[in-house]
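Please open the structure in your viewer and keep the selection panel at hand.

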Amino acid sequence: MQSGKEDRGAREEILGRVRAAVRAPAPRQQSGSVGPIFATVTDPLERFQSECAANHTDVVLAANGDETVTALHRLLASLPPGEIFVQDTPELRRLTLGLDARQSILWSSGGPPPESSQVAISHCEALVGQTGSVLVSSHGCGGRGASIVAPCHVIVASADQIVPDLEAALARARQIAFGNSFVGLITGCSRTSDIEKRLIIGAHGPRRVVVIVRLSSGPSVPEIT
Amino acid sequence: MTLPRITLFIPCFVDQVTPQVAVDMVTVLRRIGCELDYPEEQTCCGQPAYNAGFWKEAASVAEHFVRVFAKSDMVVCPSGSCTAMVRCFYPELLASSPYCEEALALGKRIFEFSEFLVDVAGITDVGATFPYKVTYHDSCHLLRELHVQRQPRELLRQVKEIDFVELGYSEECCGFGGVFSVKFPEISGPMGEVKATNIEATGASFVTACDPSCLMHLDGILRRMRTKAKAIYLASILAAQETAAVPSNGSADVVEP
Amino acid sequence: MNRIAQEFHQKAREKASDQAHRQTIRRAIDTYETAVTKGRARFADYEAARERCAEIKWEAVNHLDRYLDQFETNVVQRGGHVFWASDSEHACRYVLELALRHRVKTIVKSKSMVTEEIQLNADLERNGLRVMETDLGEYIVQLRQEPPYHIVTPAMHLSREQIAELFREKIPGDVTGETHEELVGAARRSLRRDFFSAEMGITGANFLVADTGMIAITSNEGNARLCTSRPRIHVAIAGIEKVIPRLQDLAVLWPTLATAGTGQSITAYSTLIGGPRMAGENDGPEEFHVILLDNGRSRLLADPEQRDLLQCIRCGACLNACPVYRNVGGHAYATVYQGPIGSALTPPMRGLAEFQHLSYASSLCGNCTSVCPVKIDLAHHLVQNRRNVVAIGERPWPERTSMRLWAWCMLSAERFKLASRLGRTMLRVLNAMGLAAPILKSWTEHRQLPPVPKSTFRQMWRNNAER
């Protein structure tokens, strides 16, 4: 939006100064520390679980599609009644069939999650073993608000979405970068230590993050009969 | 092992204000069989001018230094910061000086005292006895420029009857910093007081270090605060033996070697 | 000594002897140190991480033209706007015009040192806009109408009781209690209303990713996420030096920044924004603007010796490591950037003569250099700044003269001995007259003077050698 003539001038001036500046080479001091930065993650699922335990992410393992449904329903029943914002996908529509009538569902296809939503349910792009993180995206996971507005965020994932480390997670992010206006790595719940350096869970974002991990491959949910 | 002839580099303020530091270092070096010489044309390594930003002046003093020690086989110095000046900062300071090459070569054969004993002479037991509780302050240039940390501790642990205790926050700066101590006394003083409080908390009777400049500052603070602990240079502990009188600190009673 | 320097001395004096302040800061830093030690242990080789981060930033800064160009192309391709701002005024004007054009009333802001630098809030507020800081620490100091104390933990200097009292006064309707949890809850309630009604969100950016045209923002609270999902317009402001070549570089930059900054393995919300909402997305801003700020950075860039200062990723580790910072606190600096990076950057960027005292207010302990995750030799920059101040003749003439005299004396052992004998004699005389303490006040204010020895080492050596 560099519309004004003055503004266009600023771009040329600044870039011009930068170009001229970097012509003079600067020294580069190397110390020789070039070993592997992180140890290889040998068991990503196990590592994912232990990291999540440390960063306050709840992980629920479900053996198959049936157990995924059970786990999700049980979780939602344990939360106070309220609006549930759900990413609009066939899988999540099937998973949330038959929920208690008290809980009203708002689909992501209808817009952003309202301020009052209590729970948000979405997919993820990947789960990261190294840090116990969840990779989400705007297009792929129900929008930007899905993972930040509601005080509880539930991610329905499968074990084959687990990647070992940040290198792999960012490679995935690179693949989807131009197809999404937002890609985010979420590690644990919202938190702050701004008051006396005391860690408090639940600042502006969710105070609870739950990842339901379906272990089996194959169709995620049994066919509707 | 046969040790090379050691040329003594005695920092300007040690020579003038705290000579006991050098005397005790000489005692220990002689005890382990070193032959010593002391070029009297030496004055200063130039660090005060360098730190103050007066690099032209510092360089001229540094060139004099390089000339004085040109013929030495090996130089030993009772100060981490002065040794660091020569080894770590002369290369940049004298980059465009005709003495640049010599300075780089000198940097390879100059050692701080504890570094010399342990790494060069391979000695950790110098036959010392010091029946007191002692703690150790990691002075900044020694720690971060020369990477000397293990050596003083190895030497102290070999001292008979010593009760060595680690200092809390031992790596935190004591607040001397050369001219900083008088340009910003309102910061330097409190930094020293924090260090003094940590020293008191160990219950030690002595705090030692490899930098007499830090010790001079700490000594001033400890005496002002009237603490139990006294500051003493490392070699003064290592020089102490069963029969010798206990030196109080590096500067007050000047004992002939 | 100029006024700024005088004020620094005064504030330093007040804070350095303030025991309560010292305790608070010590506790905060101890907590930080414990966390960082744990954090570093998560790396197989933390030094290799530092080396790699330094390498990435070196590459970025030394090819800044290429990566800025690539970044801009990608942002524009994705529907975003890029504005190049030469200085503070230029950047503020752009934001203001944008806000006025879109009839913005409320702005929510996530923490950004650059917006402090250009004093954006003051400018917007002067023009009738309501700007809410949403990072809890920034929110607190905003309510107190004071500048942030520390670039990562802005309210480090305040106790829970002080914050409770502040909230009771400013947001009484949201306060339910005084525990840490309840105070955080009060801020959440109050700011949530602003998140959901603000028309514009302003953020900084930790990194500008050239190969994908995305900005990277990290936060733990989630406030930056809310600032970039609800409001219609998102403006991101960043210094030109924030550019990095590739998205993949974040695999090491993100965990190292988190470790150095807070001891975490990675910040809770590590976010990438690549433009306004795309077709088919159900939320997100309609407009996305990135302001690339120069404001003196290209000048630093042009000096090969100082260029690596632009590698800084604003982690705050050097502040926490600095014994001077621990004693005088963040406000004493009276500059946007404090601690070692502030003392290194501010003189060349804002005035070598005017801000020289910052480079002298250091014992050169080097702790900052040893902790910097991008391996900037900060302590050395301070000495180089001092050299530069001397080179432009901005040290007082008595100091210049005595340095020349000192050097002249040091070039000959005879002169050295004479000068020292004079000095020692003078000291003895002053001592005898009881005048040493008052005249040498800079030393004696806090310390006893060392006693003057009977003989110098060289005298003793001479005597011994002749014996």
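Begin by selecting chain A and chain C together; in this predicted model, their contact takes 67 residues from chain A and 82 residues from chain C. On the side of chain A that touches chain C, the elements that give two or more residues are helix H1 (5-23), helix H5 (166-176), strand S9 (182-186) and strand S10 (191-192) of chain A. Which of these elements gives the most to that side? The answer is H1(A), with twelve residues. Colouring the side of chain A that touches chain C by class will show 30 nonpolar, 22 polar and 15 charged residues.

Next, select S9(A) together with strand S9 of chain C, residues 269-273. The two strands pair in the antiparallel sense, over five bridges. Within this pairing, pick A:Val183, and the residue opposite, in S9(C), is C:Leu272.

Remain with chain A and select A:Arg94, which is found in helix H4 (residues 90-95) of chain A. Is this residue buried or partly exposed? A:Arg94 counts as partly exposed because 18 other C-beta atoms lie within 10 Å, whereas a buried residue would have 20 or more.

Turn now to chain B, and colour domain 1 (6-120) and domain 2 (133-239) separately, as given by the domain assignment. The C-alpha centres of these two domains of chain B lie 21 Å apart. Where the domains meet, the contact takes 29 residues from domain 1 of chain B and 23 residues from domain 2 of chain B. On the domain 1 side, at least two residues each are supplied by helix H1 (12-16), helix H2 (19-31), helix H3 (47-51), helix H5 (80-93) and helix H7 (113-120) of chain B. By class, this side of domain 1 has 14 nonpolar, ten polar and five charged residues.

Finally, display chain B with chain C. How many residues does each chain bring to this contact? Chain B brings 55 residues and chain C brings 50 residues. Among the elements of chain B that give two or more residues to the side touching chain C are H1, H2 and H3, together with helix H4 (55-68) and helix H11 (185-202). This side of chain B divides into 28 nonpolar, 14 polar and 13 charged residues.

Definitions and conventions:
Residues are numbered from 1 along each chain as its sequence is written. Chains are lettered from A and ligands numbered from 1 in the order in which they are written. This is a predicted model: local features need pLDDT of at least 70, side-chain atom pairs count only at pLDDT 80 or more; totals for chains, interfaces and linings use all residues. Two residues are in contact if their C-beta atoms, placed from the backbone, lie within 7 Å. Helices (H or I, at least four residues) and strands (E, at least two) are DSSP runs, numbered from the N terminus. Ala, Val, Leu, Ile, Met, Phe, Trp, Tyr, Cys and Pro count as nonpolar, Asp, Glu, Lys and Arg as charged, and the others, Gly among them, as polar. Two strands pair if DSSP finds at least two bridges between them. Domain bounds come from an automatic or database domain assignment. A residue is buried if 20 or more other C-beta atoms lie within 10 Å of its own, exposed if 12 or fewer, and partly exposed in between; C-beta atoms are placed from the backbone.
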